[in-house]
Structures are given as C-alpha cells and as structure tokens.
Amino acid sequence: MFYLFKFKKEKFENKSTLRPKIKVLLSYKDKAKEVIAILDTGSDLNYIPADFADYFKLPLSEEIFKAQGAEHEFEYKTSKIYFKLENPHKSYRKLLEVMVPVKTTMHKDIILGTEFLKDFIVELNYNRGTIKLTETKTQ
Amino acid sequence: MTYSNYDFFIKTDFSKYAGEWVGILGNKVVAHGASFKEVAEIVDREFNLKKVLITRIPAKVAQLL
C-alpha cells in the first residue's frame, strides 16, 4: 500500500526549490489536526516545535537530551504522538516518538526523519515532482 | 473549482503569508496567525468539525534542516 504526495515549489531570494512536504494527521487523546510535515532523510528522529506539544498537551520526558542541529547543539525532551497517513483504500497510523525542543526553537516545521521513514520505501522523484511512500510492513 | 486542501496547498503561492501559519479549508485560507497553536485554536473555535490543513509559510530564504 502506498501514499502519494507532491513536492511543494517554494521561492527563496530569486530562485525556487522543491520541498518534500506531505499531509499528516497528528492526534493525541481528543485532539487531532491535519498538518504539513517535511521529510528529512538526514534526521534521526521526528521533530515537532514546542507549541505543538503545548497544544496537544503531550507528556514530555523528564530527561533532557542533546542533539546536533545543522549548526548548533540543542536540548530536547521526547514525547509520543499519533501520525496518520490516508489514501482512499487504507491508512497508516502509528504512535511515534518525537523530539520537542526545550528553550531554543531549532526548527519551525514538523520534521519526519528516519524514525518515521523506516516504515516505508521512500521514492522522491524530482523530475515528476512526486513523493511515494510504500509501506514495508503491515501495521 | 474545489481542490482538496493538500492539492490547493501544493498549487498555490502563499507568499503573502510568508512567516505566518495558515489554516486551509478546501481552496481557501480560513485562518492565519503567528504560531501553530494560535491557528489551531482559531480552527477549534470556528471550524471544529471540519478538516482544516495547518501549515507554516516559510520566509523567502534558503532552508537547511
């Protein structure tokens, strides 16, 4: 079973680029929101900005961990939230660990890293502008 | 023409909202604000049972994750 998405063409300065942005449904207890997340094969874990954790009232780990961002180290706690993908025939739904930054916001977007991507064969076709996520196991 | 909210997101230039978070319902921006939480709370108040897609519109600068 696969899920199809498209690259989002976005501008910066005088150029444009293609960013792998997909729609996911985030949920925890009685709250759910459809959001855009960016795929990042270079990230080990999934990441959500702190105000997402605040909105969903996610319980955070007591322990604080350190991670290496693109330029700086930053501190984070961990939590878990449900991620759901849908196509007309099936859906993927899984409770996944996420990093939640403490003090400094490293990124403003939801980032889906290896912890999410390892469940799929990931095909990024920049020529066609398509993103295909094929499940590698039954959930 | 009515698009799904994701198709509308992919096809539309939202640069007038650069730096903000927006809520998309069908082919309309129905909420915008400075943070995810602010937009999510507007959506809860005004569009509780509808599927509104929330996303950040990046500023026009290169990104390095």
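Student: Is Lys57(A) buried or exposed?

Tutor: The general idea is to count neighbours: a residue is buried if 20 or more other C-beta atoms, placed from the backbone, lie within 10 Å of its own, exposed if 12 or fewer, and partly exposed in between. Lys57(A) has 10 other C-beta atoms within 10 Å and is therefore exposed. Please keep in mind that this is a predicted model, in which local features need pLDDT of at least 70 and side-chain atom pairs count only at pLDDT 80 or more, while totals for chains, interfaces and linings use all residues. Residues are numbered from 1 along each chain as its sequence is written, and chains are lettered from A and ligands numbered from 1 in the order in which they are written.

Student: Where does Lys57(A) lie, and what is its phi?

Tutor: Helices (H or I, at least four residues) and strands (E, at least two) are DSSP runs, numbered from the N terminus. Lys57(A) is found in the loop between helix 1 (50–56) and strand 7 (65–68) of chain A, and its phi is positive, at about 55°, although the residue is not a glycine. Lys29(A), also not a glycine, has a positive phi near 50°, and its place is in the loop between strand 4 (21–28) and strand 5 (31–39) of chain A. With 9 other C-beta atoms within 10 Å, Lys29(A) is exposed.

Student: In what order do the strands of the open sheet lie?

Tutor: Two strands pair if DSSP finds at least two bridges between them. In chain A, three strands form an open sheet in the order 1-12-11, with antiparallel pairing. Its edge strands, each pairing on one side only, are strand 1 (2–6) and strand 11 (120–125) of chain A.

Student: How many bridges join strand 11 to strand 12 of chain A?

Tutor: Six bridges join strand 11 to strand 12 (residues 130–135) of chain A, and the two run antiparallel. Glu123(A) stands opposite Lys132(A), which belongs to strand 12 of chain A.
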